[in-house]
Amino acid sequence: MNGDEVVRFAREYALTLPFTEPCWPFGPEYDVFKVGGKMFMLAAVIQGRPLINLKAAPEMALLHQAIYDGIRPGYHMNKKHWISVYGGENITSELLKTLIDDSRQRVIDTLPARVRQRLRPPHG
């Protein structure tokens with residue numbers, strides 16, 4: 001997927017996830033996606049390059065950067081906890097879904113228990 005495809009797919013997929021809140025706190029050129037009031041994804045075009053920023057476990061962030069040319073430390077974010085996905089021949093929709101889901105779950109895990117319970121009701 002190229003960068004435009006990455007951003008388009010990520011935006012569409014994020015909006016299918018329950019309790020996703022799109023917003024524009026940094027201006028109309030930065031699409032921010034939140035869950036429980038906290039950001040899990042940012043989509044933008046920076047210096048002509050489309051990208052998405054996602055939260056990632058520090059060890060996974062390093063692993064993704066080593067494996068995928070299109071994944072780098074998070075642009076304008078904490079480089080230890082965020083990655084930027086720019087696109088590339090080995091960036092697939094399945095990989096993006098996994099990265100987006102992981103980012104979202106990492107954010108939910110930091111929320112107060114009562115909010116987590118609302119966002120992830122028990123099964124059964």
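**Note on the predicted model**

1. Met60, Leu63 and Ile67 form a nonpolar surface patch whose accessible area together is about 250 Å². Accessible areas come from the Shrake-Rupley method with a 1.4 Å probe, and for residues only the protein chains shown count as cover. Patches are made of residues with over 30% relative accessible area and no salt bridge; like charges are joined within 9 Å, and nonpolar side chains (Val, Leu, Ile, Met, Phe, Trp, Tyr) within 5 Å. A salt bridge is a side-chain nitrogen of Lys or Arg within 4 Å of a carboxyl oxygen of Asp or Glu.

2. The model is predicted: local features need pLDDT of at least 70, side-chain atom pairs count only at pLDDT 80 or more, and totals for chains, interfaces and linings use all residues. Residues are numbered from 1 along each chain as its sequence is written, and side-chain values use heavy atoms, with hydrogens and water left out.

3. Met60 belongs to helix H2, which covers residues 58–67. Helices (H or I, at least four residues) and strands (E, at least two) are DSSP runs, numbered from the N terminus. Met60 counts as partly exposed because its relative accessibility is 34%; the classes are buried (under 20% relative accessible area), exposed (over 50%) and partly exposed in between, with a 1.4 Å probe and protein chains only. Helix H2 lies across E5 and E6 and runs at about 135° to E5. Axes are lines fitted to C-alpha atoms, for helices over the stretch in contact, and angles run from 0 to 180 degrees between N-to-C directions.

4. The strands form an open sheet of 6, in the order E1-E2-E3-E4-E6-E5, with antiparallel pairing. Strands E1 (20–23) and E5 (71–73) stand at the edges; each has a single partner strand, so one side of each is left without a neighbour in the sheet. From one strand to the next, the twist averages 25°. Two strands are said to pair if DSSP finds at least two bridges between them. In general, strands of a sheet pair through backbone hydrogen bonds, either parallel or antiparallel.

5. The pairings can be followed across the sheet. E1 pairs with strand E2 (residues 30–35) in the antiparallel sense over 4 bridges, and Thr20 stands opposite Val35 in E2. E2 is joined to E3 by 6 bridges, again antiparallel, with Tyr30 opposite Ala44 in E3. The hairpin of E2 and E3 has 2 residues between the strands, and Gly36 there takes a positive phi near 60°.

6. E3 and E4 are also antiparallel, over 6 bridges. Ala43 stands opposite Ile52 in E4, while the bridge partner of Met41 in E4 is Leu54. In E6, Leu54 has Ile83 as its bridge partner; E4 and strand E6 (residues 82–85) run antiparallel and are joined by 4 bridges. In the hairpin of E3 and E4, with 2 residues between the strands, Gln47 takes a positive phi near 50°.

7. How much of E3 is buried? The count is 7 of its 9 residues, so E3 is largely enclosed by the rest of the structure. Strand E4 (residues 49–55) is mostly covered, with 5 of its 7 residues buried. Leu42, in strand E3 (residues 38–46), counts as buried because its relative accessibility is 7%. Leaving out residues up to four places away in sequence, Leu42 touches Phe26, Tyr30, Asp31, Val32, Leu51, Ile52 and Asn53; contact means heavy atoms within 4.5 Å.

8. A search of the whole structure finds 2 salt bridges. In one, Arg11 pairs with Asp31, the closest N and O atoms being 2.5 Å apart. Arg11 lies in helix H1 and Asp31 in strand E2, so the pair ties together parts that are 20 residues apart in sequence. Arg11 is partly exposed, at 29% relative accessible area, whereas Asp31 is buried, at 12%.

9. Lys97 and Glu94 also meet in a salt bridge, at 3.8 Å from N to O. Lys97 and Glu94 are separated by about one helical turn because they are 3 residues apart in helix H3 (residues 93–109). Lys97 is partly exposed, with a relative accessible area of 27%.

10. Tyr13, in helix H1 (residues 3–16), is buried at 15% relative accessible area. Apart from its neighbours within four places in sequence, Tyr13 is in contact with Lys97, Ile100 and Asp101. Tyr13 and Leu96 are 83 residues apart in sequence, and their C-alpha atoms are 9.0 Å apart in space.
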